[in-house]
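Dear colleague,

Here is the structure I said I would pass on. My notes on it follow below.

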Amino acid sequence: YDLYSLLPHFKQVNICASIDGVGDIGEYIRTGLDWESWLENFKQGMFLVDQYGDDAMVFDVTLTTPGLFGLKDMFDVVTELDVKSYFKITFAFDPSVLMNPLCLPKEILHEAIDDVLEYIEPKLTPKTQVYKDTLLNLKTRKTFAEEWPGTYQDGLKRGKSYVEFMEDVRSQKVTFREILPESAQQWWDNI
């Protein structure tokens, strides 16, 4: 069956298309993702917005550390498509979860957030306001260094080891380190 041919028969539709990044960054985060195919499949369902409203087709974004550094590109895609996004941040139960942006030192995290905010603020719409709100909230949260001062460095080492192991297994186009800006690459190298 073709899902899109079935959906117009329902009273309400809400497709939360889960995505963590666009292009190479999205493919890095989710092994097996083909960004261009994902985007084409999403676009095929855009007719549902006309029938069911803005919540019919939504980018369900999980913000990760690599995703933070590709968030401008994500913002451009949702702005071009004029779609709504739901937003959450990768969960972390200890400082080894390097996919959570709070693993970054505060100065690198805030610099990245400020850079994205400067880029998106002139282009914000009611559908994209969640990007700004989430980033501003992220700036108020404790970083891993503040949350787990006694185990932060050890957690980073374990997390980096795990990330590098997974990169070897997954054979991807880019690495975590390559996604990071130069200032954050120095942090990565010093873990």
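Y1 sits in the segment that comes before α1 (3–6). With a relative accessibility of 95%, Y1 counts as exposed. Together with L6 and F10, Y1 makes a nonpolar surface patch of about 440 Å². Please keep in mind that this is a predicted model.

Next, helix α8. This helix runs over residues 129–140, and its 12 residues should span 16 Å at 1.5 Å a residue; the end C-alpha atoms are 17 Å apart, which agrees. Buried in α8 are Y131, T134, L135 and L138. Seen down the axis of α8, these buried residues fall within an arc of 95 degrees, so they line one face of the helix. Their cover includes α6 (71–81), α7 (106–120) and β3 (84–89), along with β2 (57–63) and α5 (65–68).

On to the charged pairs. The whole structure holds 14 salt bridges. One of them joins the side chains of K173 and E27, at 3.0 Å from N to O. K173 is in the loop between α10 (152–170) and α11 (176–179) and E27 is in helix α2 (residues 23–29), so the pair ties together parts that are 146 residues apart in sequence. K173 counts as exposed at 63% relative accessibility, whereas E27 counts as buried at 17%. D24 is linked with E27 and K173 in a network of salt bridges.

K84 and D55 also meet through their side chains in a salt bridge (2.9 Å, N to O). Here K84 belongs to strand β3 and D55 to the loop between α4 (47–52) and β2, so the pair ties together parts that are 29 residues apart in sequence.

Regards

Methods
Residues numbered from 1 in each chain as written. Predicted model: local features only at pLDDT ≥ 70, side-chain atom pairs only at ≥ 80, totals over all residues. Heavy atoms only, no water. Helix = DSSP H or I, 4+ residues; strand = E, 2+ residues; numbered from the N terminus. Expected span 1.5 Å × (residues − 1). Buried < 20%, exposed > 50% of the residue type's maximum accessible area, 1.4 Å probe, protein only. Arc of directions from axis to C-beta. Contact = heavy atoms within 4.5 Å. Patch = residues over 30% accessible without salt bridge, like charges linked within 9 Å, V, L, I, M, F, W, Y side chains within 5 Å. Areas by Shrake-Rupley, 256 points an atom, 1.4 Å probe, with all protein chains shown as cover. Salt bridge = Lys/Arg side-chain N within 4 Å of Asp/Glu carboxyl O.
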